[in-house]
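Subject: Structure handover and findings

Hello,

Here is the structure for you to take over.

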Amino acid sequence: MRIGAAGLLCLAISAVNINADAKLALKVTPAMAMAPAYVRVQATVGPDADNRVLKIVAQSSEFYRATEIELHGDSGPRVQIIEFPAMPSGFYEVSATLHGGSGQRAAATALLRVAPAPGQR
């Protein structure tokens, strides 16, 4: 499958953050990579005493990986970095969800494209 220049531009823009909230920002790098890809997800959480859990999910039609990070209210680190090594080719939705004592507080989503390595499909 080939992606045109406009499609690549959309992917690059969306990989930074397409659903930002002042409480949560998400950055995925690189926006496009060759399989097996090493992907870094950076979630920035606004300080708040109600911050409890940050859940990061990377999923495509054939891949799913998730991690949950316990937060310590407004005294925890603002930036959380998750690394996903050796991601196979595919179109990914990467999401971050911030939970507090009474449920979901914020969410952010980014898109990622991992292209097949040369000689693979």
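**Ground rules**

This is a predicted model, where local features need pLDDT of at least 70, side-chain atom pairs count only at pLDDT 80 or more, and totals for chains, interfaces and linings use all residues. Residues are numbered from 1 along each chain as its sequence is written, and side-chain values use heavy atoms, with hydrogens and water left out.

**Overall fold**

The protein has one helix and eight strands. Helices (H or I, at least four residues) and strands (E, at least two) are DSSP runs, numbered from the N terminus. Read from the N terminus, the order is α-β-β-β-β-β-β-β-β.

The chain has 121 residues, and 39% of them are buried. Buried means under 20% relative accessible area, exposed means over 50%, and partly exposed is in between (1.4 Å probe, protein chains only). The protein exposes about 6,800 Å². Carbon and sulfur atoms supply 53% of that area. Areas come from the Shrake-Rupley method with a 1.4 Å probe; for residues, only the protein chains shown count as cover.

**Core**

The largest nonpolar core has 28 residues. Such a core is a set of buried Ala, Val, Leu, Ile, Met, Phe, Trp, Tyr and Cys residues joined through side-chain atoms within 4.5 Å. Leu 24, Leu 26, Val 41, Leu 54 and Met 87 have the most contacts inside it. Two or more residues each come from S1 (24-29), S3 (37-45), S4 (51-59), S6 (79-87), S7 (90-100) and S8 (103-115).

Leu 54 is worth a look. Leaving aside residues up to four places away in sequence, Leu 54 touches Leu 24, Ala 43, Val 45, Thr 67, Glu 68, Ile 69, Leu 71, Gln 80, Ala 96, Thr 97 and Leu 98.

How many salt bridges does a search of the whole structure find? It finds two. A salt bridge is a side-chain nitrogen of Lys or Arg within 4 Å of a carboxyl oxygen of Asp or Glu.

One pairs Asp 48 with Arg 105, with the closest N and O atoms 3.0 Å apart. Asp 48 sits in the loop between S3 and S4, Arg 105 sits in strand S8, and 57 residues separate them. The other pairs Arg 105 with Asp 50, at 3.4 Å between the closest N and O atoms. Asp 50 is also in the loop between S3 and S4, 55 residues from Arg 105. Shared partners join Asp 48, Asp 50 and Arg 105 into one network.

Arg 105 counts as buried because its relative accessibility is 16%. Asp 48 is partly exposed at 28%, and Asp 50 is partly exposed at 24%.

Asn 51 counts as buried because its relative accessibility is 1%. Beyond four places in sequence, Asn 51 touches residues including Val 45, Leu 71, His 72, Leu 98 and His 99.

Best regards

Key:
Contact means heavy atoms within 4.5 Å.
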